[in-house]
Amino acid sequence: MRDVLYLEEREQAETLLKPHRVEVLRQLAEPRTCTEVAARLDQTPQRVYYHVKQLVAAGLVEQVAARQVRGISEGIYQAAARSYWLSPRLIGRIGDARRVRDELSLGHLLDLMEEVQADVAALDRTAPELPSIGVSGEIRVPPERRQEFLHDLQSTLRDLFTRYGGAEGDAFKLAVACYPRGDNHE
């Protein structure tokens, strides 16, 4: 089972985004038969089997084994991943494309987050080492110093890109997001 399955195909999202299928998928975090899932969800095995087959066809669930029960082969299924991420491209962008490209726009920030999400989902989780770092913090800037702060941040990042931007060594992607924090956070 993979950690993350990044969904970029509309058909996969349509298959997944049905409340009953999400419940079936949750039950398949551990290998189970359709009969076992049906008992846990108080459904008929036939109904669960229908949904499991749809999830298998979309690549969201895998048959991991089979067993004989009264002369009939019964499949044992498991979710293909621990979590599923939907690409924002499945919904698309609404509005002025020029504003989305502006590096100071929220549209650009959303595009950046989508790129980071896709890159993280594509990482080889079986690799012995995945050198990475995540840093988060809050900075308070008076309104009259916002431009100065943004300029300093851009200058610092340009300096890092210049110092470590050579053609040799391991490639790392650096993404920095700076956005106003909403008032509803504590």
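This section describes the strand pairing and the salt bridges of a predicted model.

The sheet is open and contains three strands. Their order is β2-β4-β3, and the pairing is antiparallel. The edge positions are taken by β2 (32-33) and β3 (61-69), each of which pairs on one side only. Strand β4 spans residues 72-79. Six of its eight residues are buried, so β4 is largely enclosed by the rest of the structure.

The pairing of β2 with β4 is antiparallel and rests on two bridges. In one of them, Arg 32 has Tyr 77 of β4 as its partner. Thr 33 faces Ile 76, also a residue of β4. β3 and β4 form a hairpin with two residues between the strands. Within this hairpin, Arg 70 adopts a positive phi near 50 degrees. In a regular strand, side chains alternate between the two faces of the sheet.

Helix α4 covers residues 45-57 and lies across β3 and β4. The helix runs at about 55 degrees to β4.

Nine salt bridges are counted in the model. One of them links the side chains of Arg 10 and Glu 14, with an N to O distance of 2.9 Å. Both residues belong to helix α1 (residues 10-16). They lie four residues apart, about one turn of the helix. Glu 14 has a relative accessible area of 41% and is partly exposed.

A second pair, Glu 23 and Arg 26, is found in helix α2 (residues 19-27). The closest N and O atoms of this salt bridge are 2.5 Å apart. Because Glu 23 and Arg 26 are three residues apart in the helix, about one helical turn separates them. The partners fall into separate exposure classes, given the limit of over 50% for exposed residues. Glu 23, at 31% relative accessibility, is partly exposed. Arg 26, at 54%, is exposed.

A further salt bridge joins Glu 148 and Arg 145, at 3.0 Å from N to O. Glu 148 is partly exposed at 39% relative accessibility. Arg 145 is also partly exposed, at 43%. Elsewhere, salt bridges with shared partners connect Arg 10, Glu 11 and Glu 14 into one network.

Technical notes. Residues numbered from 1 in each chain as written. Predicted model: local features only at pLDDT ≥ 70, side-chain atom pairs only at ≥ 80, totals over all residues. Heavy atoms only, no water. Pairing = 2+ DSSP bridges. Contact = heavy atoms within 4.5 Å. Axes fitted to C-alpha atoms, helices over the stretch in contact; angles between N-to-C directions. Buried < 20%, exposed > 50% of the residue type's maximum accessible area, 1.4 Å probe, protein only. Salt bridge = Lys/Arg side-chain N within 4 Å of Asp/Glu carboxyl O.
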